[in-house]
Amino acid sequence: MPSCTIQKINPKLYLVALAPPLPGFDRFIGVWVYTGPPAFIVDVGPSATSASLLSALENIGVRHLDYILLTHIHIDHAGGIADLAASFPEAR
């Protein structure tokens, strides 16, 4: 599973740097997580990093998301949306 780095920006805001399984792309893709309320995530990264993102969310303590926000639908920003939506079916 690709790894990730979690940076706590403030008590409710985190930057999760995802590492896709490609050499040289460490900290190339960032996902913003706000633990709320409301709890939301901005972009989800590619599907190849979904498992590490879900692990990072668990590590942060996210058990519920109100929203999954996408800046645009390129694969590196939204490719993992199906995995995140399945894990957080209550999110809009």
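The following legends describe close-up views of a predicted model.

Residues are numbered from 1 along each chain as its sequence is written. In this predicted model, local features need pLDDT of at least 70, side-chain atom pairs count only at pLDDT 80 or more, and totals for chains, interfaces and linings use all residues, while side-chain values use heavy atoms, with hydrogens and water left out.

**View 1. The protein chain has three helices and five strands.** Helices (H or I, at least four residues) and strands (E, at least two) are DSSP runs, numbered from the N terminus. Their order from the N terminus is β-β-β-β-α-β-α-α. The mean pLDDT of the chain (the predictor's confidence in each residue, from 0 to 100) is 88, and 88% of the residues score at least 70. Where pLDDT is low, the predicted coordinates should not be read in detail.

**View 2. Helix α1 (residues 50–60) has the buried residues Ser-50, Ser-52, Leu-53, Ala-56, Leu-57 and Ile-60.** Buried means under 20% relative accessible area, exposed over 50%, and partly exposed in between (1.4 Å probe, protein chains only). An α-helix has 3.6 residues a turn, so residues three or four places apart point the same way. Glu-58 and Asn-59 are exposed on the face turned away from the buried side. The cover over the buried residues includes β1 (4–10), β2 (13–18), β3 (29–34), β4 (40–42) and α3 (81–87). Just after α1, Gly-61 has a positive phi of about 105 degrees.

**View 3. The largest nonpolar core contains 19 residues.** Such a core is a set of buried Ala, Val, Leu, Ile, Met, Phe, Trp, Tyr and Cys residues joined through side-chain atoms within 4.5 Å. Those with the most contacts inside this core are Val-16, Val-33, Ile-41, Leu-53, Leu-57 and Leu-65. Two or more residues each come from β2, β3 and α1, and α1 gives the largest share, four residues. Beyond four places in sequence, Val-33 is in contact (heavy atoms within 4.5 Å) with residues including Val-16, Ile-41 and Leu-57.

**View 4. Ala-91 lies in the segment after α3.** Ala-91 is buried, with a relative accessible area of 18%. Leaving aside residues up to four places away in sequence, Ala-91 touches Leu-65, Asp-66, Tyr-67 and Ile-68. Ala-91 and Phe-40 are 51 residues apart in sequence and 8.3 Å apart in space, C-alpha to C-alpha.
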